[in-house]
Amino acid sequence: MAPKESAGTELLLRSFERRFLAARGLRSFPWQSLEAELRDSSDSELLRDILQKPLGGSVTLSESTAIISHGTTGLVTWDAALYLAEWAIENPAAFTHRTVLELGSGAGLTGLAICKMCHPRAYIFSDCHSRVLEQLRRNVLLNGLSLGADVTANSDSPRVTVAQLDWDVATVPQLSAFQPDVVIAADVLYCPEAILSLVGVLQRLAACREHQRAPEVYVAFTVRNPETCQLFTTELGRAGITWEAEPRHDQKLFPYEEHLEMAILKLTL
């Protein structure tokens, strides 16, 4: 196969793989490009290669088809969750053999990817909405992970918990019980009220580890409104929480909109 043909075939394979991993609808797959490639290519193994993809791990999700359902936006996967999952897979050392607390887990894609690819010691999914928590538990089990006391003898699997956590009422003792080494959140900066609640719970997490090292915190978000992002960094400053932007990562596993501006901030509590 000529180098140009090989490159085109590889791009097509990656396109199918990304859409498969993100559980996209069949009509979103590049079928016309596949038809053209099969018509023009001398490579008779293309279909076999597509059927064998993905070669790595996969995540299975149950989620809503509506952006807002049952009074919450947490039943669907948002773009920053995909972006943070990609970053985690590219930076597994941030999570390996560590206890991870995710704030506002939603459908659970980021956490499931970390559990499967980054080998954490323990992972706590958390949210406040009962429907979201029900879906989270289903998605954990769908992916062959066990919950809490049901952990098997398989040392490769992390200890997984699904916890109800309301940022406005969570207490220091409640947060202390999680004992996280790492705290993550994705696409939770959607309104001023949520930002104030998030900064408040981060302050209480800092108080949990008064005589120990504070957890590392990574917050991923889509820059939809610059004023919202500015409010977040301003409130972090008022709370004495410093931050730095993580470099953009190269790994593109999921098909989200290319034009979206996304960022990950590493916070120091």
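The legends below describe close-up views of a predicted model.

**View 1. Overall content of the predicted protein model.** The protein has 269 residues, of which 48% count as buried. Its secondary structure consists of 9 helices and 7 strands. Taking contacts between residues at least 6 apart in sequence, 73% join residues at least 24 apart.

**View 2. Packing of helix α4 (residues 79-90) against helix α5 (residues 109-117).** The two axes come within 8 Å and cross at roughly 15 degrees. With angles under 35 degrees counted as roughly parallel, this crossing makes α4 roughly parallel to α5. The crossing of α4 past α5 is right-handed. On the α4 side the contact involves Ala-81, Leu-82, Leu-84, Ala-85, Ala-88 and Ile-89. On the α5 side these meet Leu-109, Thr-110, Ala-113, Ile-114 and Met-117. Sorted by class, the contact of α4 with α5 has 10 nonpolar residues, 1 polar residue and no charged residues.

**View 3. Surroundings of helix α5.** Because 7 of its 9 residues are buried, α5 is largely enclosed by the rest of the structure. The buried positions in α5 are Leu-109, Thr-110, Gly-111, Leu-112, Ala-113, Ile-114 and Cys-115. Helix α4, strand β1 (99-103), strand β2, helix α6, strand β3 and strand β4 are the elements against which the buried residues of α5 pack. Just after α5, His-119 has a positive phi of about 55 degrees.

**View 4. The largest nonpolar core, with 36 residues.** Phe-95, Phe-125 and Ile-184 have the most contacts inside this core. At least two core residues come from each of α4, α5, β2 (122-127), α6 (130-142), β3 (159-164), β4 (182-186), β5 (216-222) and β7 (262-268). Helix α4 gives the largest share of the core, 8 residues. A second, separate core has 30 residues, including Leu-101, Trp-167, Leu-202 and Leu-267. In soluble globular proteins, nonpolar side chains tend to be buried together.

**View 5. Contacts of Ile-184.** Residues up to four places away in sequence are not counted here. Ile-184 touches Leu-84, Phe-95, Val-100, Leu-101, Glu-102, Leu-103 and Thr-110, and also Ile-114, Tyr-123 and Tyr-218. One of these, Phe-95, is listed with Ile-184 among the residues that have the most contacts inside the largest nonpolar core.

**View 6. Packing of helix α8 (residues 192-208) against helix α9 (residues 226-238).** Here the axes come within 10 Å and cross at roughly 25 degrees. That angle makes α8 roughly parallel to α9. Helix α8 passes α9 in a right-handed crossing. From α8, the contact is made by Pro-192, Ile-195, Leu-196, Leu-198, Val-199 and Leu-202. From α9, Thr-228, Leu-231, Phe-232, Glu-235 and Leu-236 take part. The residues in the contact of α8 with α9 comprise 9 nonpolar, 1 polar and 1 charged.

**View 7. Thr-222 in strand β5.** Thr-222 counts as buried because its relative accessibility is 7%, and the cut-off for buried is under 20%. Beyond its neighbours within four places in sequence, Thr-222 is in contact with Asp-79, Ala-80, Asp-187, Leu-260, Glu-261 and Met-262. Of these, Glu-261 is 39 residues from Thr-222 in sequence, with the two C-alpha atoms 5.9 Å apart in space.

Notes: Residues numbered from 1 in each chain as written. Predicted model: local features only at pLDDT ≥ 70, side-chain atom pairs only at ≥ 80, totals over all residues. Heavy atoms only, no water. Axes fitted to C-alpha atoms, helices over the stretch in contact; angles between N-to-C directions. Helix = DSSP H or I, 4+ residues; strand = E, 2+ residues; numbered from the N terminus. Parallel < 35°, antiparallel > 145°, perpendicular 65-115°, else oblique. Left-handed = near helix turned anticlockwise from the far one by under 90°. Contact = heavy atoms within 4.5 Å. Nonpolar A, V, L, I, M, F, W, Y, C, P; charged D, E, K, R; others polar. Core = buried A, V, L, I, M, F, W, Y, C linked by side-chain atoms within 4.5 Å. Buried < 20%, exposed > 50% of the residue type's maximum accessible area, 1.4 Å probe, protein only.
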